[in-house]
Amino acid sequence: MSQAPSRTVVVLAAGEGKRMKSATPKMLQPLLGRTLLGHVLAVAPAIGADRTVVVVGHKADEIGAFVAEVAPGATPVLQAEQNGTGHAVRIALDATPDLTGTVVVLSGDVPLLRAETVEALLATHEKAGAAATVLSAEVDVPGGLGRIIRGADGNLERIVEAKDASDEQRRIREINSGIYVFDAALLREALGKLSTDNAQGEEYLTDVFGILASQGHPVAIEVAEFAYETLGCNDRAELAKLRVLMRDRVNEAWMRAGVLLLDPATTWIDVTATLEPDAVVDQNSQILGTSSVATGAVIGPDTTLIDTAVAEGATVLRTHSIGALVGPQATVGPFSYLRPGTKLGRKSKIGGFVEAKNAELGDGAKVPHLTYVGDATIGAKANIGAGTIFANYDGVKKHHTTVGEAAFVGSDSVLIAPVEIGPGAYVAAGSAVQKNVGAGELGVSRAQQRNIEGWVARKRPGTASAEAASKAANITPEQE
């Protein structure tokens with residue numbers, strides 16, 4: 001049994017992308033958990049590529065650093081002057097003189113392309129024994145895209161760029177996607193025969209097909225099942241359209257996998273996030289980064305999770321969460337803010353208008369209302385009263401507070417770190433605690449209350465308060 005030829009992926013990512021009008025290179029524009037280029041680079045390992053070469057140009061250092069981070073096995077190759085797609089691929093092959101087998105050429109700004117589509121392209125290429133195969137698509141408005149020219153037998157004759165096409169050719173609706181497969185040796189030979197005698201004065205990679213066909217080598221076409229996969233991105237408007245298309249594709253996949261999305265049109269899930277069957281995501285919610293949502297968990301409405309793990313049966317309502325862990329059957333929200341390092345135990349609770357940072361809640365612990373919890377450990381079954389502040393910052397350093405198991409902190413208290421509230425201890429409401437409270441003790445730190453008789457009458461005469469106080473003072477016990 002003969003061994004399958006090696007596969008090399010060449011990604012063209014040298015363009016400047018002026019129409020994006022952004023300080024961020026076009027290839028690094030974000031799109032549902034990856035960049036445009038990141039989505040394309042993810043295709044290479046999915047099709048079993050033996051080698052990946054990325055042609056860089058504009059902001060080469062920045063893009064090269066990105067490639068090293070997300071695809072450390074890939075090789076960046078510099079195209080100092082952008083003289084066309086043919087020139088870019090020739091530079092890639094010159095930089096890899098030992099390259100043999102099959103070459104897959106991808107555009108770095110086609111993020112919706114699936115590995116399954118590239119595999120179908122490769123299968124057609126191999127079945128036809130072709131020297132070159134192009135992925136085409138049928139579109140309603142071809143615009144400035146290159147056209148597929150077929151001969152009388154229906155086979156590929158050549159590819160014509162829009163600027164070089166005749167009026168009749170521009171009426172053709174089958175377009176060139178810019179995605180190709182080549183035999184490496186024949187590609188090298190043909191690239192050496194390219195000219196710049198065209199409307200743009202560039203070396204067109206598409207001319208390779210005409211060269212190979214004229215030499216009697218078979219060339220083939222694979223028509224994409226979904227034309228939207230071939231869409232590129234040149235400006236913000238096109239990026240927004242791609243984002244919607246990818247959102248719908250991602251959401252459909254999760255729903256078919258058993259996730260309940262109550263309003264898919266307002267639900268945004270990064271391709272890097274994971275969800276389990278019977279998870280529920282309500283409207284206006286985002287599941288971003290490496291976030292995960294387990295079976296039976298309910299997210300939203302109006303919730304954003306970034307790099308947050310939500311365990312089975314938990315509920316996260318109208319919350320913004322970054323880098324947090326929400327335990328089984330825990331509840332969060334509404335209007336809560338979970339910051340990095342926050343960990344919630346089983347059946348614990350973060351209630352309305354609570355902010356937590358680097359805070360760990362034990363099983364069944366509760367922080368129900370209007371509280372800031374910073375750098376703290378709260379024991380199982382402890383209860384933190386409304387309006388409590390964990391004062392963790394002294395202006396120079398952050399300090400830690402520990403609240404023991406089943407402790408109770410009264411409303412409107414300030415726990416001035418570093419401080420420890422022992423297991424089963426109580427803190428009286430309104431206390432400012434700066435000393436440890438031992439297990440089972442009551443900590444009280446507030447001034448003794450005194451009431452000054454007649455103060456309103458003397459200091460606020462003529463006010464509604466004074467009038468009400470006067471009326472109350474004139475009511476006799478018999479009248480009551």
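1. Helices and strands here are DSSP runs numbered from the N terminus, a helix having at least four residues and a strand at least two. With that naming, Pro-423 falls in the loop that joins β34 (419–421) to β35 (426–427). The model is a predicted one.

2. Pro-423 has a relative accessibility of 46%, so the residue counts as partly exposed. Setting aside neighbours within four places in sequence, Pro-423 touches Gly-404, Glu-405, Ala-439 and Gly-440. Arg-90 is 333 residues from Pro-423 along the chain, and the C-alpha atoms of the two are separated by 71 Å.

3. A nonpolar patch on the surface is formed by Phe-408, Tyr-426, Leu-442 and Val-444. Together these residues have about 400 Å² of accessible area. One of them, Val-444, sits in the loop between β37 (442–443) and α10 (455–459). Val-444 counts as exposed because its relative accessible area is 51%, and the cut-off for that class is over 50%.

4. Aromatic pairs come next. Six are found in a search of the whole structure. Among them is the pair of Tyr-180 and Phe-182, which is tilted, with 5.8 Å from centre to centre and 40° between the planes. Tyr-180 is buried at 5% relative accessibility, and Phe-182 is buried too, its relative accessible area being 0%.

5. Tyr-180 also pairs with Phe-209. This pair is tilted, at 5.6 Å centre to centre and 50° between the planes. Tyr-180 belongs to strand β10 (residues 174–183) and Phe-209 to helix α8 (residues 207–214), so the pair ties together parts that are 29 residues apart in sequence. Both Tyr-180 and Phe-209 are buried. Tyr-180, Phe-182 and Phe-209 make up one aromatic cluster.

6. Two charged side chains lie over aromatic rings. Arg-247 is placed over the face of Trp-268, 4.7 Å from the ring centre. Lys-398 has its charged end over the ring of Tyr-393, at 5.5 Å from the centre of that ring.

7. The salt bridges number 17, counting a side-chain nitrogen of Lys or Arg within 4 Å of a carboxyl oxygen of Asp or Glu. One of them joins Glu-126 to Arg-7, with the closest N and O atoms 3.6 Å apart. That bridge links distant parts of the chain: Glu-126 is in helix α5 (residues 115–128) and Arg-7 in strand β1 (residues 7–13), 119 residues apart. Glu-126 is partly exposed, with a relative accessible area of 43%, whereas Arg-7 counts as buried at 16% relative accessibility.

8. A second bridge runs between Arg-173 and Asp-140, whose closest N and O atoms are 3.0 Å apart. It too links distant parts of the chain, 33 residues apart: Arg-173 is in the loop between α6 (167–170) and β10, and Asp-140 in the loop between β7 (132–138) and β8 (147–150). Arg-173 is partly exposed at 40% relative accessibility. Asp-140 is exposed, with a relative accessible area of 66%.

9. Lys-193 and Glu-189 form a further salt bridge, with 3.7 Å between the closest N and O atoms. Lys-193 has a relative accessible area of 46% and is partly exposed. Glu-189, at 42% relative accessibility, counts as partly exposed. Elsewhere, salt bridges that share partners join Arg-7, Glu-119 and Glu-126 into one network.

Terms used
Residues numbered from 1 in each chain as written. Predicted model: local features only at pLDDT ≥ 70, side-chain atom pairs only at ≥ 80, totals over all residues. Heavy atoms only, no water. Phe/Tyr/Trp six-rings, centres within 6.5 Å; stacked < 30°, edge-to-face > 60°. Buried < 20%, exposed > 50% of the residue type's maximum accessible area, 1.4 Å probe, protein only. Lys NZ or Arg CZ within 6 Å of the ring centre and 35° of its normal. Patch = residues over 30% accessible without salt bridge, like charges linked within 9 Å, V, L, I, M, F, W, Y side chains within 5 Å. Areas by Shrake-Rupley, 256 points an atom, 1.4 Å probe, with all protein chains shown as cover. Contact = heavy atoms within 4.5 Å.
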